[in-house]
Amino acid sequence: MKGDKPEEPGQGPEPSGPPPPTEEEEALLEFHRSYRELFEFFCNNTTIHGAIRLVCSQHNRMKTVFWAVLWLCTFGMMYWQFGQLFGEYFSYPVSLNINLNSDKLIFPAVSICTLNPYRYKEIQEELEELDRITEQTLFDLYEYNSSNTLVAHARSRRDLRKPLPHPLQRLPVPAPPHEARKVRRAGSSVRDNNPQVNRKDWKIGFQLCNQNKSDCFYQTYSSGVDAVREWYRFHYINILSRRRQDTSPSLEEDVLGKFIFTCRFNQDSCNEANYSHFHHPMYGNCYTFNDKNSSNLWMSSMPGVNNGLSLTLRTEQNDFIPLLSTVTGARVMVHERDEPAFMDDSGFNLRPGVETSISMTVDRLGGDYGDCTKNGSEVPVEILYNTKYTQQVCIHSCFQESMIKECGCAYIFYPRPDGVEFCDYRKHNSWGYCYYKLQDAFSSDRLGCFTKCRKPCSVTIYKLSASYSQWPSVTSQDWVFQMLSRQNNYTIKNKRDGVAKLNIFFKELNYKSNSESPSVTMVTLLSNLGSQWSLWFGSSVLSVVEMAELIFDLLVITFLMLLRRFRSRYWSPGRGGRGTQEVASTPAASLPSSFCPHPASSSSSPPDPAISPALSAPPPAYATLGPHPAPSGLAEASASAHTSGEP
């Protein structure tokens, strides 16, 4: 049209720049630029009390320091309380619950031994030789004739066979030092008016050495009786180990009627199905009533002496091995039906001519919480007994295990594993030295058996109380002994010294059941932790998540800063043209755009070809968080690009 200014060729509308970003696009993963920005964001938005005061007081350094110290101290106190709570939880404390119950009770097992060690026929000759050597030793040490045997023989060991190893000797005791005597006299304020006793300043013992005789010691005793018994017992164990283990005492000595005259339970007579027999090396023939192998289970429905076990026993000495057994009576032990009878540990002796009445009460301890084991499978000891797990079973097995490992043989009083021999100085000449050393280590718990053997989670304890009375009485002893002599071939001349009566019964059918339960459960622990968290910070579980998020952000920002510092070595301007060429040749897809803390918004329109050279500029160096000047070459290229685009 007329008046319109014609358009110049090649001249179009002025290109408009990209529209300003209206809102910031969010990346999938976005982190803060600095630690300061992270802590400010955390203190402004966290639900933990007191943290916002660190930001609000930033213009007052004194308040900032005060709140920072207070916040850190509170944080430390809270975690100290956390440590106390966790320590209490992992100590496994228990609460004891006591219940009183009343019901029929299973009668326990009762083991009784004769206190007469048995002389096996296959080792009879060796035992007789041991007796003769012992008699000669007693004469040499004490000038004592223990039998008429020594009258016909010379007073020397020539007439005996090969002497036994480890002879019994009399050892002088060194006198105490002069200073020790002075101290003892000075410490005594009371004048000693007693006359001087002609005391023998020596001890009795026998020597034991190791394999190559390089180390020896004397096993000594201040009492001659103890020394002779222990020395005799040591040689008796060696002789007993040569016996075939599959043999048993002769049937003549295994007859129940020779030891037990009468047996009644709940007013009913006992029979062979109610007991089992075993032999103890020191206590002789033993019988266990109502054990796990009994066909009839004994139950008590009424308390009292007439509703328990009543036994009449022969307690006369048969002079089987008088140097080994020096007491008269019987050995008794009350235990659970599926537990072995450790007569040395828990037994007691009956006195001849006395009626002993044992009343029982029952305590049951249960609860599988705490440091206990149900069946011993967690215990690092090989259990050698085919019975229920008890702590004594574990301790004896532990000692036998150490004995086999250190001495190379098994102790005859405990079961042995397959393929292991019992100790005998004919085959293991230094086992005595090893045994007494090991016994000392065991007593002081240097073997660790008492630590390894944990208590069982369920235990039944029988508390015994005894009463005694003379039996039979003076007025009734004549007819009682007459009946025993006619029915049981009892020798009347022994009278009261050869019989004893035993009654075992429940005092009451009430029993206490003590059960253990955890006093600090997981619910209690979490509740206590939450209470401490609320006390010191007044926050909840979500605040813990906020703390975890803060720690995670700190780790990520630290990693990114280290990564940027590593990359800045190759992208910094000071590295010259090589660095620029390496960065310029880097594909755009490999640039870390997804990890940019706040990425700039991009336009959806395609880039102008005129400014395409500026896209090849490397990203800024993140060695510091401040702005960086652009490289001179890139600035000139950018300026020329803008100049060429102007009309």
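Where in the chain is the place of Gln267?

Reply: Gln267 is found in the loop that runs between strand 7 (260–265) and strand 8 (268–269), where helices (H or I, at least four residues) and strands (E, at least two) are DSSP runs numbered from the N terminus. The model is predicted, so local features need pLDDT of at least 70 and side-chain atom pairs count only at pLDDT 80 or more, while totals for chains, interfaces and linings use all residues. Residues are numbered from 1 along each chain as its sequence is written, and side-chain values use heavy atoms, with hydrogens and water left out.

Gln267 has a positive phi of about 70°, although it is not a glycine. Most residues other than glycine have a negative phi, and most peptide bonds are trans. With a relative accessibility of 44%, Gln267 counts as partly exposed, since buried means under 20% relative accessible area, exposed over 50%, and partly exposed in between (1.4 Å probe, protein chains only). His166 is not a glycine either, and has a positive phi of about 55°; His166 lies in the loop between helix 5 (149–152) and strand 4 (168–172), and at 15% relative accessibility it counts as buried. The backbone also holds a cis peptide bond, from Trp471 to Pro472, with omega near -15°, and Pro472 has its place in the loop between strand 18 (459–470) and helix 12 (477–488).

We can now turn to the rings. The structure holds 30 aromatic pairs, in which rings of Phe, Tyr and Trp (its six-membered ring) have centres within 6.5 Å, and planes under 30 degrees apart count as stacked, over 60 as edge-to-face and the rest as tilted. Phe399 and Tyr414 have ring centres 6.1 Å apart and planes at 85°, so this pair is edge-to-face. Because Phe399 belongs to helix 9 (residues 391–407) and Tyr414 to the loop between helix 9 and helix 10 (431–443), the pair ties together parts that are 15 residues apart in sequence. Both Phe399 and Tyr414 are buried. Phe442 and Phe450 make a tilted pair, with 5.3 Å from centre to centre and 35° between the planes; here Phe442 is buried, at a relative accessible area of 15%, whereas Phe450 is partly exposed, at 40% relative accessibility.

On a 1 Å grid over the protein atoms alone, a cavity is a set of points where a 1.4 Å probe fits but cannot get out, a pocket is an open set with protein on both sides within 12 Å along at least five of seven lines, and lining residues have an atom within 4 Å of a point. Grid points are joined across faces, edges and corners, and a volume is the space filled by probe spheres set on them. The second largest pocket holds about 1,300 Å³ of space, and among its 44 lining residues Phe278, His279, Tyr385, Phe413 and Pro415 lie nearest its centre. At least two lining residues of this pocket come from each of helix 7 (224–240), strand 9 (275–280), helix 8 (343–346), helix 9 and helix 10, and strand 9 gives the most, with 5 residues. Its lining divides into 20 nonpolar, 14 polar and 10 charged residues, where Ala, Val, Leu, Ile, Met, Phe, Trp, Tyr, Cys and Pro count as nonpolar, Asp, Glu, Lys and Arg as charged, and the others, Gly among them, as polar.

The structure also has 2 cavities of 30 Å³ or more, and the second largest cavity holds about 30 Å³. Helix 7 and helix 10 each supply at least two residues of the cavity lining, and the largest share, 4 residues, comes from helix 7. By class, the lining of the second largest cavity has 5 nonpolar, no polar and 2 charged residues.
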